[in-house]
Amino acid sequence: MTPADECLRRRDTSGFLVCRTLCILLPLLLLVAGSAVAQDRSRDNLGDQGSSADYAAAIADSANARADSASAAADTVPQVYSTTAGAASTSTSGLFTSFKNTPKAGVRANVRQNNYYGELTTNLSMRGGSIANNRLNWSYDQYRKQDKTVETRGLGLDYNTGSLLPASVRASGKWNWSEDKTVNTTGSANVAKRDFKSGTVSVSKPRMQAGMFLTTLSAAVGINDQKANDQNVQNDFNEASVDGHLQTGARVARGVTIAGRLYAKSLGGDRSLGTSTSPSSANSDSMGIGIYYDRTVAVGRVAITRSNFDKKYLDFNRDQNGQVDTLTPGVEKYVEELETKDAISIEFENRFQIGRIDLRANLSRDINEQDYAISKAGLKERQQDRMNLAASFGAGRDSFEVAYVYGYKWDDQKLQDATERRGRKYTKDRDYEFTWYRDLFTATDLTVKYHQGLTQDTAENQYNDNDKDRLETDLSLKLGRNWNSGFRVNLGFNWKGTQDLNIRASRSSTNNHRDSYEVAPGYTWILSPWLTLSQNYRLYIQYTDYVFSHLPDVNREDNYNKRGNLNTSMVIKPSSRLRLNLKYDYNKRFNATKTATDVTGGSKYRKDLIQTIGRVDLAVSYTVAEGVTLEGATYRNRDAKDNIGSTTKTTVNHAGEMWLGCKISQKWGTKHPLELSATIKKYNAYGPSVTETSSDYWEADAWLKWEF
Amino acid sequence: MSLDRGIRMPTVAVMVTLCLGMVLVSGCFLSPREQESPSSGEQIDYVNDNSAVNVWTNLEISLNNTHAPGWETRISDDFQYTPDSQALNMPGLPPGYWENWNKERESAFINNLYDNVVGIISLMRDPDFVVPDESGGVAEWEGVIYDLTVDSGGSVIRYRASADISFRLEGNFWYVYRWIDLIGESDPETGQTLSSMGVLRGTFGSN
């Protein structure tokens, strides 16, 4: 055992005890403090009465506005409105209003792994909406198909004061421990361990009215501590953080609100990676402003957010693509990185609605710049523009929708030691869709959909040969009729054309147009309340034409692939307890390659493959008593394949599976209920793809829960 | 509102004409660019996707030629990816990074990888792996070991790992619809434990 292992082992035990003690003491300490303060504050004084719904929604929108990835790592906006959510009803008869413990233990098993778990949840509700929650959990996974086990332990504590204090105070703590042991095929073992603890105390004062402004203020302090080891590399950190958040808004006219937010966070501590240790820090801030309107027929918003961060941390030595290079001899393994990022996002959204006319528009632009001081990746720049336009309108029995999507983005990179930029990679997307829906006549409807989309990739200055276009066009028609006698008929037709086209000569030999057609008639017939029959037939055919197949240097041949599929299914319910499902699926497919074109332009093909697949399924379910169901299912499959060449090779494969099981769901008692839920199935299977571990196994999901 | 009561068939006809007009006009805008004629000696020869083993071979061809369409078109619309422990615990990834790793994210990853590397040499199946037969439109490969070396220009990094791969016959062709990375395997020459493509997905998928 290495010193790191010994250290983690010691921490496992001590951490578990410390956290468990904290779990009991923290809510109690906070309770005492909270109740003392509560003596002086007998009434709720959140001061949020009378605020209008649209105003609050605008501010909430602002808080949840699309945060740029720049702030994602270091910027966690406190959800100030959730702190009092779910609070228990207040009682004036005592300090505690409810105390609930819920232990639960269970097991899950499937073809890949067995999982055992246990958890204890404690909820304590107090006067003034104050609540304390605690969750202790443990799980153990044992993998059946590989030498791998994973054990996890966790503890979560959460306490909030509700309305006991003039501001909402929330304290939370978390402990996660895991040990993941794996052995690869050559017997090389790895143990990945992680021991993570965090604690946060946050204070927020929501919806303070000052003149025309409605303001929410929040602040938080936190600490994160991790000890981890993977592939014999230590990855530890111990960091403390402080952040503050201000949201404010004002209604400037009827249905028009201006809202803004400011957020800043600072973090500092130490990080260890491998054998190196160094101080770490991160500073981030973001600012957003938005105008929100809701004026009779038009609803929308314009918002702009700017965010940035700088982070100093110990990192692996990475190449220009961010890959970790620890194998090359003589290369420094760990470096002290300084990463900065600036980002701006602008968004406009509008919806205009009159009667059955609905027009929607959404436009956005995101720009960001990310710079690494040490990593060979150097400087990265990105921009993304997006426009979605949609219009729908109805007239009589018809309704129509037209949508257009335009996307344009690029990214560029200047490697660490380079004097020139790499060149931009552009991606442009355009997409149109038209849908027409019509009630043709009684109980008969028609849907027609047409869509076309083009995606184009271009490398500036041809820094690579990957320029390409993909054009997709599809048309579908669906017709359906319901007869009163429980008979429904569907008819579907689809055509889809795809063009995959590489622009550069080194890649264009595989350029092709693929056209696929599908016809799918079917019906569902409810013959009686206990018998339903349905049949669906589908015929697909796809033609592939290689653009340059006529050139002598291009070794590609045009081809077609055809498949017919008849699916018949029957649902029988002889009694309210018994249900049977019977299904038969018949598939036949051909592959053929073009051999010649005759003088009239007609093509001749030779068949390469004929495949026939037949599969029968049977499933039975029987309810023995309330909450107890016996179930079982089986299938048998025959797959015959003729590969046609100079000689024909025939292969026939059989496969099948059967499982039997039961499902139990029971609850005893009402005041302190004991609940049992169990689904247990035994599987046996055979076939060419079925391995030893998949041929005979149990599937289970069973748990027992008690509430007191 | 009284507006829709006033709309009658002539209005519908105008609306349909307008919509179809917009579609037709838009259709005219959406035409792909001219392509260069393929240069001799630089052919990418994929095999027909009529079996699971061919699809896996085609992924190898795609990697060796850094040809993104060759990867994307063999990934099922229902694609799911599960990382191994090392990828799961990669430092610096945002919370929830591995959730919902679907075809869209797989496409973004492979394009990003191919756009930023100089070359890749791959062997997607170790010679000792026995390919199981398909049956009923499904093929399950357990413990296949893949091996690839990525040349980024400034560094050359090797990835080698075992994975469980599920293939499915959808319509007329086979696709990869589930990829579970199990564990990084050892470098046969040095014995050093290498990383999986999960680590590569973590690096390039987040760029």
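Which residue of β2(A) does A:S98 stand opposite? The residue facing A:S98 is A:S125 in β2(A). The model described here is predicted.

## Overall make-up of chain A

Chain A comprises 708 residues, of which 23% are buried. Its secondary structure consists of 4 helices and 28 strands.

Among the contacts in chain A with a separation of 6 or more, 58% are between residues 24 or more positions apart.

## Pairing of strand β1(A)

Strand β1 of chain A covers residues 96–109, and strand β2 of chain A covers residues 113–126. The two strands pair in the antiparallel sense over 13 bridges. Together β1(A) and β2(A) form a hairpin, with 3 residues between them.

Strand β1(A) also pairs with β28 of chain A, which spans residues 696–706. This pairing is likewise antiparallel and runs over 6 bridges. Within it, A:R108 has A:D701 in β28(A) as its bridge partner.

## Interface between chains A and B

In the contact between the two chains, 70 residues of chain B meet 81 residues of chain A. Several elements of chain B each supply at least two residues of the side that touches chain A, including the helices α1 (9–29), α5 (103–116) and α6 (197–204).

By residue class, the side of chain B that touches chain A holds 27 nonpolar, 32 polar and 11 charged residues.

Methods
Residues numbered from 1 in each chain as written. Chains lettered and ligands numbered in written order. Predicted model: local features only at pLDDT ≥ 70, side-chain atom pairs only at ≥ 80, totals over all residues. Contact = placed C-beta atoms within 7 Å. Nonpolar A, V, L, I, M, F, W, Y, C, P; charged D, E, K, R; others polar. Pairing = 2+ DSSP bridges. Buried ≥ 20, exposed ≤ 12 C-beta atoms within 10 Å, placed from the backbone.
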